[in-house]
Amino acid sequence: MKFVNLEEKEFTKFEEKEAVGNFFQSVPRATLRKKMGFSAHLIGVKEKEKVLLAALLIERDKEAWIQLGPILDYKNTKLLNYFLTELKKYCKKNGFIKLEIFPPLVLSTRDLDGSIIEKWDYDKIFQLFKTQGFTHEGFTTEIENKANRWMFIKDLTGIKDIREAELTMNSSTRKKLHKTRRELDIKVLKDKQELPEWLKALQDSDKRNGVKTREVKYFEDLWDAFGENAIFVEARRKDNKELVSSEVDIIHPNEMVAFVAGTVEKNKHFNGSTAIKGFNIEECLKRGKTRLNLYGMKGDFSPKNPLLYFKGGLRGVTEEYIGGFCLVLDPFKLFLNKVKRRIRRIIH
């Protein structure tokens, strides 16, 4: 075995065919991150010419992380152990001061009450990371920037069309979806020039949630990086064409991901997000995909979690992921980085 830098084509060929492959570990994702000013490394392990493992490592300010990766058969702990050993050497060679890894491993699936439907044992993985010097970052419950530990999934296996899909939803969501067909039109953007208007729905939602919205350039770069595999969709009122909701979806061989979404405050009662979820399901079925990933959730199964209530109406499951593992390579420089970031926040 040999630790190597991978070419884009061989990285993609391997990543897309693996069961744990995902768009966070993809060449378009690397392209987008580079446009954002990050460093992106396509690394992996090969045996002769055969790729055994692939990982997209992102770095900024000498802090590196692998989001929902590396991609490999996790039953092969010998391979993972070799990769971690060589990765630490690679990080030290490049002067990285911190390394985080968020494996794409599901610990459990849960119903709307939080009860475990199915659970997996990854004690060997936890022990391997510990032996390699990593510390587990905890069983967090919040939505996180680097890698969400909770995601909501709608399984469409065996469903032929939207009508059959509707029968799996709760009655409230089904009624809302029917109502949106009378009141809203769904539109897929064809030109980047439409993005500033499309972005207004995200801005309204982020303002409500106290979150800063990414600039339009980020979405222009995402459009360019993912090409036809990024679908920018919006719901508009039929009567006056006003924008109601917006969303960008990412198409990957393993799934469709409802990545970022928002709704215009004054038009919330038109249920544009529900209309777009109907579009998501139809698009999945059209493309032959059985996994609709409605993305990040809190690990909160109380009535106080409105996002769970909304997504839960589709009658899916919540996936709980294994979480992050951290290795500090240079504690002093990491401390200096934290101080610099704190100063930047104060200044800006």
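The structure is a predicted model, in which local features need pLDDT of at least 70 and side-chain atom pairs count only at pLDDT 80 or more, while totals for chains, interfaces and linings use all residues. Residues are numbered from 1 along each chain as its sequence is written, and side-chain values use heavy atoms, with hydrogens and water left out.

The secondary structure of the chain comprises 11 helices and 16 strands, taken as DSSP runs numbered from the N terminus (helices: H or I, at least four residues; strands: E, at least two). The radius of gyration is 21 Å, close to the 20 Å given by the globule rule for 348 residues, so the chain is as compact as a globular protein of that length; the radius is taken over C-alpha atoms, and the rule is 2.2 Å times the number of residues to the power 0.38. Of the 348 residues, 52% count as buried (under 20% relative accessible area, with exposed over 50% and partly exposed in between; 1.4 Å probe, protein chains only).

Strand 11 (residues 230–237) is largely enclosed by the rest of the structure, because eight of its eight residues are buried. In a regular strand the side chains alternate between the two faces of the sheet. Both faces of strand 11 are covered, with Ala230, Phe232, Glu234 and Arg236 buried on one side and Ile231, Val233, Ala235 and Arg237 buried on the other. Strand 11 pairs with strand 10 (residues 184–188) in the antiparallel sense over five bridges, where pairing requires at least two DSSP bridges between two strands. In this pairing, Val188 stands opposite Val233. An antiparallel pairing over seven bridges also joins strand 11 to strand 12 (residues 243–252), with Ala235 opposite Ser245. Strands 11 and 12 form a hairpin with five residues between them, and Lys241 in the turn has a positive phi of about 65 degrees.

The second largest pocket has a volume of about 630 Å³. A pocket is an open set of points on a 1 Å grid over the protein atoms alone, where a 1.4 Å probe fits, with protein on both sides within 12 Å along at least five of seven lines; lining residues have an atom within 4 Å of a point. The volume is the space filled by probe spheres set on the points, which are joined across faces, edges and corners. Of the 29 lining residues, Val20, Pro104, Leu105, Val106 and Tyr122 are the closest to the pocket centre. Helix 4 gives the most to this lining, with three residues.
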